[in-house]
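Open the model in your viewer and keep the selection tool ready. The tour goes stop by stop.

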Amino acid sequence: MDFSAVSYALETIDKLTQEVTSLWGVDEQVEGLASELRWMQSFLKVADARKVNHEVIRTSVVEIRELAYDAEDVIETFSLKVASKRKGGFSNCIKRSACFLKEGCLLHQIKWEARRPYPHVMDDNIVGLDNDVKKLIPVLVEEGSQCRVLSICGMGGMGKTTLAKKIYRESQVVGHFKHLSWAYVSQNCQKRKVWEDILSDLNILSETDKKMKVEKLVEKLSNFLTENKCLVILDDIWNIEAWDSLKPTFSARETRSKILLTSRNKEIISHADKNGFLYELQCLNYERSWELFQKIGFPPTNSLGYEIDVKMEELGEKMVKNCAGLPLAIIILGGILATKYPSLTEWLKVSANVKSYLKNDKGEVLRDVLSLSYDDLPPYLRPCFLYLSHFPEDYEISVDRLIQLLVAEGIVSSKQEADEGQIVEDVAEGYLMELAERCMIQVRKSTTGK
Ligand SMILES: Nc1ncnc2c1ncn2[C@@H]1O[C@H](COP(=O)(O)OP(=O)(O)O)[C@@H](O)[C@H]1O
Ligand SMILES: [Mg+2]
């Protein structure tokens with residue numbers, strides 16, 4: 001039987017108790033936690049010795065292991081918080097930009113508090129999208145139309161979420177609807193969480209609602225959406241089943257509220273609303289692709305001594321063509337090249353790889369650009385990047401919290417920092433900065449204005 005989680009949590013607690021907790025007057029609580037863990041450990045030992053194989057025992061073992069991980073996480077986070085006097089750093093919020101490399105991740109699961117991405121934070125460097133907004137808004141704000149649901153469709157990395165965010169901030173939209181709400185659905189659709197997120201955006205989620213039966217929650221939300229003109233954005237619905245599980249709250253006929261969803265799946269809209277509006281997002285044309293690439297791959301035009309090397313420009317143009325107008329592919333390629341600017345030799349190396357990685361088939365472009373960007377990572381950044389596959393796509397996390405996790409998980413170890421004479425948190429911050437420079441994570445809010 002697996003005792004490792006409990007034993008390891010106990011070890012961590014023993015190690016940290018004297019160092020940290022006595023300073024902060026929480027030693028009693030930590031001792032209580034340690035004694036619970038010791039009890040769990042004895043339980044596991046007895047169950048193991050007696051070779052008990054019973055449903056209840058199996059379930060308890062799983063729960064104990066989860067609790068042990070949580071306990072360890074809480075203690076380590078606390079101790080790191082105490083130990084770290086750091087404030088702010090290069091930025092205070094980043095997000096993981098795409099769902100990939102999940103398979104490479106062998107780290108144990110910790111229960112993360114799920115958080116929605118912030119729709120009011122727009123990415124910098126947006127190109128185009130004005131025409132898309134122009135086509136969608138009239139449908140959204142049309143009174144008396146039978147259309148209740150609109151869907152923005154396209155493959156991953158095309159810019160569906162980006163477009164939905166832009167719409168969410170448009171003054172015409174904000175002025176038309178009484179309330180706006182944003183919920184991130186994703187592959188792992190948890191209906192209660194989605195409904196609570198919507199209620200919370202609508203400012204009507206109370207503490208009692210959180211304990212309310214799901215039927216009551218549905219009724220509350222459904223009534224509110226019927227009586228008030230709301231726009232609900234459901235970001236990234238994967239399939240019809242996910243829609244079906246969410247739809248009880250959106251079933252009212254007589255309502256002026258509308259739903260805007262984003263999805264890779266074109267079928268959902270006809271299933272959701274026979275008068276629904278399907279908007280198929282197109283890839284960027286070449287001019288827009290180049291415009292985006294220039295923003296990422298080259299230094300800002302106003303920087304001192306800036307002069308585009310003609311050869312690099314030609315090379316960049318060639319490489320962009322291989323991205324098939326997919327914004328995420330362009331951003332990642334640009335991110336790699338920006339780290340090598342202004343070395344033409346380095347750009348030529350990437351260009352040779354791009355040719356072997358990128359195929360014409362659009363579906364393959366993204367995956368291959370992503371593996372190109374991964375292969376291009378220096379070995380010390382790879383575990384750090386793989387660790388980010390723990391988080392759902394578009395998940396936002398504070399840099400301080402992520403640094404704590406990277407250190408607590410031993411992803412960035414103290415051995416690496418010893419030689420440099422740097423504290424381990426600074427090493428981790430440096431790694432995140434490098435990943436951000438490569439556009440493999442996105443910086444959302446920066447405290448230094450970088
Ligand atoms: N029109 C655009 N201009 C600039 N960057 C874009 C554009 N569309 C998407 N992006 C960038 O491409 C990446 C993927 O976009 P996202 O909206 O998350 O795609 P999707 O939701 O379709 O998977 C993001 O980093 C986003 O900032
Ligand atoms: Mg998206």
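Buried here means a relative accessible area under 20%. The model is predicted, and every value below is computed from it.

**Stop 1: Asp 236**

Select Asp 236. It lies in strand β4, residues 230–237. Is Asp 236 buried or exposed? Its relative accessible area is 6%, so Asp 236 is buried. Now check the backbone. Phi of Asp 236 is near 70 degrees, a positive value in a residue other than glycine. Why stop for that? Most residues other than glycine have a negative phi.

**Stop 2: Leu 129**

Move to Leu 129. Look for it in the loop between β1 (93–96) and α4 (130–141). Here too the backbone deserves a look: phi of Leu 129 is positive, about 75 degrees, and the residue is not a glycine. Its relative accessibility is 13%, so Leu 129 counts as buried.

**Stop 3: Tyr 341 and Pro 342**

Select Tyr 341 with Pro 342. What kind of peptide bond joins them? The bond is cis, with omega about 5 degrees. Most peptide bonds are trans. Pro 342 lies in the loop between α14 (327–340) and α15 (344–357).

**Stop 4**

Rings count as a pair if their centres lie within 6.5 Å, and planes over 60 degrees apart make the pair edge-to-face. By this rule there are nine aromatic pairs. One pair is Phe 293 with Phe 298: the centres are 6.0 Å apart and the planes stand at 90 degrees, so the pair is edge-to-face. Both Phe 293 and Phe 298 are buried.

Next, show Tyr 341 with Trp 347. Their ring centres are 6.2 Å apart and the planes meet at 65 degrees, so this pair is edge-to-face. Colour the two by accessibility. Trp 347 is buried, with a relative accessible area of 0%. Tyr 341 has a relative accessible area of 22%, which makes this residue partly exposed.

**Stop 5: Lys 321 over Tyr 286**

Last, select Lys 321 and Tyr 286. Where does the charged end of Lys 321 sit? It sits over the ring of Tyr 286, 5.3 Å from the ring centre.

Definitions and conventions. Residues are numbered from 1 along each chain as its sequence is written. Chains are lettered from A and ligands numbered from 1 in the order in which they are written. This is a predicted model: local features need pLDDT of at least 70, side-chain atom pairs count only at pLDDT 80 or more; totals for chains, interfaces and linings use all residues. Side-chain values use heavy atoms; hydrogens and water are left out. Rings of Phe, Tyr and Trp (its six-membered ring) pair if their centres lie within 6.5 Å; planes under 30 degrees apart count as stacked, over 60 as edge-to-face and the rest as tilted. Buried means under 20% relative accessible area, exposed over 50%, partly exposed in between (1.4 Å probe, protein chains only). A charge sits over a ring if NZ of Lys or CZ of Arg is within 6 Å of the ring centre and within 35 degrees of the ring normal. Helices (H or I, at least four residues) and strands (E, at least two) are DSSP runs, numbered from the N terminus.
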